[in-house]
Amino acid sequence: MDTTFKQLPAKPVSVKARFAHWALTIFTIALIIWSTTGINFSGIKATAGQITGAIFNGLIHPDWSYVYNGTGEDLVSQLWETLCIAFLGTFISAIISIPLAFWAATTKNKKWYTSRSGKFVLTFIRCFPEIVLALMFIKAVGPGSAAGVLALGFHSVGMLAMLFSEAIESLEDGPNEAVIASGGSKWNVAMFATLPNLMPALISNTLYRFDVSVRSASILGIVGAGGIGYPLTIALNYRQWNRVGIILIGIIVMVVLIDWISGAIRKKLV
């Protein structure tokens, strides 16, 4: 018996689909070429090689005396302040995000426009970058870590609440129906069925957001919102490349450790 399989002929591609593919490719290439025409490139400066060499020399020979000197303005103190800004901003936003997530979850609202309005509000919050929010809060509370915490907290609400709402929508209805069948109220359903099943996703998403907030907090100091970004800006302005080198090393070590720790915790929760 012949058991060989005959290869089916390839499905012919329509002329319309082929034309649309090439038209999209040509349009994309033309758009990229057109976007480069607005770049004002005046050439490479004569001192570019010297400055590049100085930067790499500072990165290779960092200022180790800046690691810790007990003044509160050293690397360890600034990194600790950055971590505190990220942690507090994420913690505040996680608490605020829970009721907003129930508002935006489609499975928890009978009227479609209720969840749609919640999703619109969360999208509106996410439209503001952390840098813009930091500049706004600096005008309100002054420069420092308080402005950084408020900027990160406000921006993280939009991200965390959306992730929480998606986690709520993916929950099974069995535990909720069991509580309702036993005579439980909506409050009982939320406290004894929804939140316990939702807790691993809440913690995992919060840890992920904290991971992102650590990186954002390192940048907010550039505009005066506290953290390691401010001394990094000062070192760059005064071309103290050895100071820049040790700050970048500290940021890399901090981010890698936080990423490793949060990743290990998330794996335990899944």
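In the predicted model, the protein chain carries 20 positive and 13 negative side chains. The centres of these two sets are separated by 11 Å. Of the 270 residues, 35% count as buried.

The secondary structure of the protein chain comprises 10 helices and 0 strands. Read from the N terminus, the order of elements is accordingly α-α-α-α-α-α-α-α-α-α. The radius of gyration of the protein chain is 26 Å, whereas the globule rule gives 18 Å for 270 residues; the former is well over the latter, so the chain is more spread out than a compact globule. The C-alpha trace spans about 70 × 60 × 50 Å along its principal axes. Among contacts in the protein chain with a separation of 6 or more, 72% are accounted for by residues 24 or more positions apart.

Aromatic pairs number 3 in the structure. One of them joins Phe87 and Phe210 in an edge-to-face arrangement, with 6.3 Å from centre to centre and 85 degrees between the planes. Phe87 belongs to helix α3 (residues 75–104) and Phe210 to helix α8 (residues 186–220), so this pair ties together parts of the chain that lie 123 residues apart in sequence. The two partners fall into separate accessibility classes. Phe87 has a relative accessibility of 51% and counts as exposed, because the cut-off for that class is over 50%. Phe210, at 15% relative accessibility, counts as buried, since the limit for burial is under 20%. Phe87 and Phe210 also belong, together with Phe91, to one aromatic cluster.

A further edge-to-face pair is formed by Phe124 and Phe128. The ring centres of Phe124 and Phe128 lie 5.4 Å apart, and their planes make an angle of 80 degrees. Phe124 is partly exposed, at a relative accessible area of 47%. Phe128 is likewise partly exposed, with a value of 26%.

Terms used
Residues are numbered from 1 along each chain as its sequence is written. Side-chain values use heavy atoms; hydrogens and water are left out. Helices (H or I, at least four residues) and strands (E, at least two) are DSSP runs, numbered from the N terminus. The radius of gyration is taken over C-alpha atoms; the globule rule is 2.2 Å times the number of residues to the power 0.38. Buried means under 20% relative accessible area, exposed over 50%, partly exposed in between (1.4 Å probe, protein chains only). Contact means heavy atoms within 4.5 Å. Lys and Arg count as positive and Asp and Glu as negative; His and the chain ends are not counted. The place of a charge is taken as NZ of Lys, CZ of Arg, CG of Asp or CD of Glu. Rings of Phe, Tyr and Trp (its six-membered ring) pair if their centres lie within 6.5 Å; planes under 30 degrees apart count as stacked, over 60 as edge-to-face and the rest as tilted.
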